[in-house]
Amino acid sequence: MKSFLTIAGSDCSGGAGVQADMRTAVLHGLFPMSVITALTAQTRLGVRDVLLTPPELVAKQLDAVFNDRTPDVIKIGMLGSGEIVEAVAEKICEHGGKSIVLDTVFMSSSGHALLSGEGITALREKLLPLCDVITPNIPEAEFLTGMRISGAADMEACAVRLSNIFRGNIIITGGHLNGACDDLLFADGKLTWFHGEKIESENTHGTGCTFSSCVACNLALGQDLEESVRLAKEYVARLIQQA
């Protein structure tokens, strides 16, 4: 059985974070493991409070996981602070993590900050260069590049700029677009669009976590990146329709 490691915060309501990541892994037939970076008090309507895990304990969790078995894929979500980002980057370098998918979690959909300013700096400098795939939504992509995205051409320019900065493959998710939900992959110099209709629903808590986890699961199962994105988009759309 392929193994899946999530490095992220816990969501007590079960819709996002580590709980969403592990549920996705199980439903894809992978063995899930977790490193908890934070405890949160939240519901599907918003985050109420956050308690970050001490960076030393994050590092010890990573040592324990890698000493037991090397994950076939790693998904990274909420990290919370610069110290935790640095601990994760250091241990990935030490243990040789592979197939790393990073969901750039800066803020919850309800507006609660999930990564400090120094954490964003550390993410840019120390962790993003280690990742194979990053999956920002439009506001996160705008923040990382300083660009304004108002349509498809802007998304394409932003994806190319992100790839030039961070070397990895870029997936910009389009859930914040007006009237559509089109995702964009930039990999190996090629832009690929994945078109989708916007589904009117209030039950979208955890969709970003689930999407990036689904991409990671499919990579672990041997799919190429383009097919992994296509399958992840279909998977999340079904979940929203059935929510």
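Q: Why is Arg167 called exposed in this predicted model?
A: Arg167 has a relative accessible area of 65%. Exposed means over 50%. Arg167 is therefore exposed.

Q: Where is Arg167 found?
A: Arg167 is in the loop between helix 6 (152–166) and strand 7 (169–172). Its phi is positive, about 75 degrees, although Arg167 is not a glycine.

Q: Why does Ser99 count as partly exposed?
A: The relative accessibility of Ser99 is 30%. Buried means under 20% and exposed over 50%, with partly exposed in between. Ser99 therefore counts as partly exposed.

Q: What is the phi of Ser99, and where does the residue sit?
A: Phi is near 50 degrees, a positive value in a residue other than glycine. Ser99 sits in the loop between helix 3 and strand 5.

Q: Why does Ser3 count as buried?
A: Ser3 has 1% relative accessibility. The cut-off for buried is under 20%. Ser3 therefore counts as buried.

Q: Which residues are in contact with Ser3, leaving aside neighbours within four places in sequence?
A: Ser3 lies in strand 1 (residues 3–11). With those neighbours left aside, its contacts are Leu30, Phe31, Met33, Arg69, Thr70, Pro71, Asp72 and Val73.

Q: How far apart are Ser3 and Leu221 in sequence and in space?
A: They are 218 residues apart in sequence. In space, C-alpha to C-alpha, Ser3 and Leu221 are 9.7 Å apart.

Q: What makes Leu62 buried?
A: Leu62 has a relative accessible area of 0%. Buried means under 20%, so Leu62 is buried.

Q: What does Leu62 touch, not counting residues up to four places away in sequence?
A: Leu62 is a residue of helix 2. Apart from those sequence neighbours, Leu62 touches Leu5, Ile7, Val35, Ala87, Val88, Lys91 and His95. Leu62 and Ala20 are 42 residues apart in sequence and 20 Å apart in space, C-alpha to C-alpha.

Q: Why are helix 2 and helix 3 called roughly parallel?
A: Helix 2 (residues 55–68) packs with helix 3 at an angle of about 25 degrees. Angles under 35 degrees count as roughly parallel. The two helices are therefore roughly parallel to each other. Their axes are 9 Å apart, and the crossing of helix 2 and helix 3 is right-handed.

Q: Which residues make the contact of helix 2 with helix 3?
A: Helix 2 gives Pro55, Val58, Ala59, Leu62, Asp63, Phe66 and Asn67. Helix 3 gives Glu83, Ile84, Ala87, Val88, Lys91, Glu94 and His95. By class, the contact of helix 2 with helix 3 has 8 nonpolar, 2 polar and 4 charged residues.

Q: How many nonpolar, polar and charged residues has the contact of helix 7 with helix 8?
A: There are 12 nonpolar, 4 polar and 1 charged residues in the contact of helix 7 with helix 8. Among those from helix 7 are Phe211, Cys214 and Val215. Helix 8 brings residues including Leu225, Val229 and Lys233.

Q: At what angle do helix 1 and helix 7 pack?
A: Helix 1 (residues 17–27) and helix 7 pack at about 35 degrees, with their axes 9 Å apart. The crossing of helix 1 and helix 7 is right-handed. Gly17, Ala20, Asp21, Thr24 and Ala25 in helix 1 meet Cys209, Thr210, Ser213, Cys214 and Cys217 in helix 7.

Q: Which residues of helix 4 are buried, and what puts them on the same side of the helix?
A: In helix 4 (residues 117–127) these are Gly119, Ile120, Ala122, Leu123 and Leu127. They cover an arc of only 165 degrees around the axis, so they lie on the same side of helix 4. They pack against strand 4 (73–76), helix 3 (82–95), strand 5 (100–102) and helix 5.

Q: Why is Thr145 called buried?
A: Thr145, in helix 5 (residues 138–145), has a relative accessible area of 12%. The cut-off is under 20%, so Thr145 is buried.

Methods:
Residues numbered from 1 in each chain as written. Predicted model: local features only at pLDDT ≥ 70, side-chain atom pairs only at ≥ 80, totals over all residues. Heavy atoms only, no water. Helix = DSSP H or I, 4+ residues; strand = E, 2+ residues; numbered from the N terminus. Buried < 20%, exposed > 50% of the residue type's maximum accessible area, 1.4 Å probe, protein only. Contact = heavy atoms within 4.5 Å. Nonpolar A, V, L, I, M, F, W, Y, C, P; charged D, E, K, R; others polar. Arc of directions from axis to C-beta. Axes fitted to C-alpha atoms, helices over the stretch in contact; angles between N-to-C directions. Left-handed = near helix turned anticlockwise from the far one by under 90°. Parallel < 35°, antiparallel > 145°, perpendicular 65-115°, else oblique.
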